[in-house]
Amino acid sequence: MAIEYQGDTAILKGICTIEEAEDFFEWLKNEPSPCVNMEEMEHIHTAILQGILLVKPTIKGIKENTFWGRFIFNTSN
Amino acid sequence: MDELLREFINESRDLIEDASKGFLKVEQDPSDKETINALFRVMHTLKGSSGIFEFLSPLTEAVHAGEDLLDEVREGNIELTPDIIDIFLDLLDQLNAWLDELEDSGTLGADAASISKEYKERLRSLMGEKEKKEEVIVEEGPSESVSQEIAPPVWLKNIPDKDRQSLYLEEKEIHAISYLPEQNCFFTGDDPVLLVKSTPSLKWCEIFFKEGEIDLQGFDPLVCEVGFHVISTASEEELKEHYLYVEDQVEIFSIPPKALVFPQGEKEGLELLSPFAEEGLALASEGKWEELKEKIRVAKEISSPEGFGYSCLSWIEALLGSSRQTERSLISSFITAITTGEFTLEEETSPVPVAPEEVTGEREEEGKEISQEEIALSLEILESQLKILQTPTQEEIEPGRRASIREVMRKVLTFLNRKDKIKDIEGILSGEGEIQLTPLKEIVEEIKKDMGMEQERGTTSPSPPPRREGTQPKHPPRAPAQRTEIKVLKVDQARIDTLMELVSELVVAKNSLPYLARKAEEVFGNKEMSRDLKIQYATINRICEDLQNAVMQIRMVPVSHTFQRFPRLVRDLSRKLGKKINLVLEGEDTRADKTVIEDLAEPLVHLIRNSIDHGIESPEERTSKGKPETGTIVLRALQLEDQILIEVEDDGRGINIEKVKRKAYEKGLISEEEVERLSEEQALQLLFAPGFSTAEQVSDLSGRGVGMDVVRTMVENLGGSVRIMSRENRGTTVQLALPLSMAVTRVLMVETHNELFGVPIENVAETVKVPREEIKFVKKRETIVLRDRLIPIYYLKEILGLNGDGGETPVEEEVAILIIQLKNSEFGLVVDRFHEGIDIVLKPLEGIMEKYTLYSGATLLGDGRVLLVLNPKEIVKWL
């Protein structure tokens, strides 16, 4: 499993595939103040990504000069 | 790495190895139909199992092309020449390379799509005329992704100044891509963000929701709702190739570099910059660029970074940095824009997206209702400015910071129609040195009160809800530093295999003890020694059995290993086919030997596919039949003595026996007469014939007639059997019976012609000694009557052709007959003598012996002799 849940934080590690999208979105939706840690994330499937963009949880650990930091998580804010 | 992916990698490696051997074999003997079939099945399986992973689509597509070509070969339309085999071997190498990439990084390299395309083209170009024509038709269709030189897309304004500046100055061709993935694209294996991420020469991109507003509750993460805007400096060809598989969802525009040249931002406060503009224009006309640079630095400090003025200044700065003299004329345009608030390109031809209306944050319409939410937000902004002011900072950036705070506060106050307070605030903020915070706070409080938000006092931030409170880093509870006991060991399977080998050798070695005991007694006449040896043997035998059991237990894994992949498969395929299917897994904890479980995967994929594709009907069809709309597939495992039974049961349309017969007749598998004569049971057996398929249409999933014969071959190779039961419109059940473990086989030793042979104990129904006179001739065949059944008998030494010397058949009163029971037949084998049963590790025959299928293998006996083990399933064919 590439997503670990620790209390109000989901830790995304490595490559997060579509298999985890549904569970992850359920968690996002139901967690009152979710936080997503992407420090060790290499890739997230679009299905997971769109859930994050929709719920807008607190995001941590995004590396600035990466595809994710430059384009995905700053343009979405 | 994902467990599923790891399994896929391991399985695929084996398949690829098989395939390369196969191709080499076919190269020697192009008429080898069996191997061609096997190669086709390998491609078919690779296509199917890689299809589970959406990000592997380049691999799937390449393999698919290979499968199609092999299908043509199989049909005899194309000859498998060495040139074609070269391509296939290249493809296999590429597949291995992809698997390596997968193992290292969990995904395919960025160039996978283009490599895949190359293979597809090479393979497809070899196909018959039919395919070529189809391709022509496709090419004649309107080509969507031709790059368009018409008006550049309006979203160029979303690109930050900095990125547009460097793009403009890079002097490369620029392409804008608008990618709107289909809603169901995830099910065809697309991961749009991956595709975008790997765009060649990606310079900028943004992601957005296609529909704008999305309802959180009704949102399905598996429906793609997002789209992308991408800027790349790659060539049109490269981009087209990259987005080839989604070309209908992509628009590619060629962007003239000048279209990126425009300032943006809020035009408030431009008048502050007008003194600079006047000077700047003068400096520019005189060519005093260094001085102009200095002026810009100062001007930037006093302007807000979000503003139109700042944007113009940054453009001028960037253009000054360029060595191109031509850019100098643009500089004047930007300086002019600072005074006029409008930017115009002098030699502009295409309509450049002008800074859009909404970015001028000014609220022109006085008196327009401001909502409570807006007020709350505005107040929050004001408060945050106060907080910023309280944060200590470096001296050199302090003036800039103050200027920007002043700007923000001024805008908020304008928005709130409280321009009366702007002067006060500006007064406080424009001074040098310490800022008086208290008066500022008072002003904010006063505004708050006036706006009717005083009830919010006391809470730190009025709105939105304090989501971010949960962001404090929470360290996961650390494990105490004490010594922890490891309960589960992960052991490399090679070590267990070694252990298993050693146990097998021990089993063989222990079998020599009884011989030694006999020798002690017969040769050396030492009875005592013989007895001691026998006692010792009993002990070693017991330990040996326990050891063997223990090792076997280690190798036993639950079927869930194989079952776990199916929910996903069923889900994806049923969505793809528009069917509603509920998969029920039963007995997932049932355990069997690792090899059995691993090898189960392939046949099961075929069976489940068959059930989904051919078994379960569409929801409409089911409703019209009075069945529940949702079909059910039960995947069941249970242990039955020393076998594991796997059942795939569906409540679909069942098998139409008549159709099966007709099809078999059309395919030339049975004669006209047999069509009439075949029983239901026998007709169902036809499904296992190679090349048989009742599906009318070749679908993406199955239905090429590879399914059932593959299943049977694989299951039989595992030492198991397949049964199929079906009732029309009620459903079909396929039952696989497999041995729990394949490591140790128990055989009964028999002697004939002074030779020892082993017979697998599972085929031996019983051993009988029949008085010679009871052997009767029935239809010219020697037969015995055993409990009211007629059983034909055969002489083993005749079957094996043992006629030489030493074959002194003892003429005894009674004849020893081994009753062999097979799936469909029962017969007796006459031997000279029965011996004991022993556990052996069966080694397959190699080399020249390989073609003697009468034997399933051999083993070493305790005294060093080789014991050949008979294969009753083959023997029956020789009778």
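**A tour of the A–B interface**

Start by selecting B:Asp163 and A:Arg70: their side chains form a salt bridge, 3.3 Å from N to O. A salt bridge here is a side-chain nitrogen of Lys or Arg within 4 Å of a carboxyl oxygen of Asp or Glu. The rule finds one salt bridge across the interface of chain A and chain B.

This is a predicted model, where local features need pLDDT of at least 70, side-chain atom pairs count only at pLDDT 80 or more, and totals for chains, interfaces and linings use all residues. Residues are numbered from 1 along each chain as its sequence is written, chains are lettered from A in the order in which they are written, and side-chain values use heavy atoms, with hydrogens and water left out.

Next, select the whole interface. Here 36 residues of chain A are in contact (heavy atoms within 4.5 Å) with 44 residues of chain B. The area buried between the two chains is about 3200 Å², and carbon and sulfur atoms give 63% of that. Buried area is the accessible area (1.4 Å probe) that two parts lose on being put together, summed over both.

Now color the chain A side by class. The side that touches chain B has 18 nonpolar, 10 polar and eight charged residues. Nonpolar covers Ala, Val, Leu, Ile, Met, Phe, Trp, Tyr, Cys and Pro; charged covers Asp, Glu, Lys and Arg; the others, Gly among them, are polar.

Of its 879 residues, 48% are buried, meaning under 20% relative accessible area (1.4 Å probe, protein chains only).

Notes: Buried < 20%, exposed > 50% of the residue type's maximum accessible area, 1.4 Å probe, protein only.
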